[in-house]
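Please work through the following exercises with the sequence and the 3D structure at hand, and try each task before reading its solution.

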Amino acid sequence: MTGIAFIESSKLQVCHNLRILRHQVFKDTVKREKGMMGWFYGFKLHFIINNHGGILSVKVTTANVDG
């Protein structure tokens with residue numbers, strides 16, 4: 001074990017941007033976030049992976065929070 005870890009985060013989009021005002025399921029939970037590909041409405045999935053490809057940690061946060 002070398003102690004090297006990689007951090008990756010990806011978006012979990014809840015609905016299309018045009019439907020944000022009509023979407024009621026995660027109304028009080030999710031937030032808008034501007035990512036590299038534009039705005040999205042949903043959550044972020046954060047992974048910490050070791051140098052052998054093993055998952056060390058997984059965390060789901062709202063879109064406007066860094067893991």
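**Exercise 1: the overall fold**

Read along the sequence, the chain follows the pattern β-β-β-β. The model is predicted, so local features need a pLDDT of at least 70 and side-chain atom pairs count only at pLDDT 80 or more, while totals for chains, interfaces and linings use all residues. Residues are numbered from 1 along each chain as its sequence is written, and side-chain values use heavy atoms, with hydrogens and water left out.

Task: State how many helices and strands the chain has, and what share of its residues is buried.

Solution: Begin with the elements, which are DSSP runs numbered from the N terminus (helices are H or I with at least four residues, strands are E with at least two); the count is zero helices and four strands. Next take burial, where buried means under 20% relative accessible area, exposed over 50%, and partly exposed in between (1.4 Å probe, protein chains only); of the 67 residues in the chain, 25% are buried.

**Exercise 2: a histidine in strand 3**

Task: Decide whether H46 is buried or exposed, and find which side chain it joins in a polar contact.

Solution: H46 is found in strand 3, and because its relative accessibility is 10%, H46 counts as buried. A polar contact is a pair of N or O atoms within 3.5 Å (within protein, one must be able to donate a hydrogen and the other to accept it, and residues adjacent in sequence count only if both atoms are side-chain atoms); the side chain of H46 is joined to that of T61 by such a contact of 3.0 Å.

**Exercise 3: K31 and F43**

Task: Locate K31 among the strands, and give its C-alpha to C-alpha distance from F43.

Solution: K31 lies in strand 2 (residues 31-35) and, with a relative accessible area of 39%, is partly exposed. Twelve residues separate K31 from F43 in sequence, whereas their C-alpha atoms are 7.5 Å apart in space.
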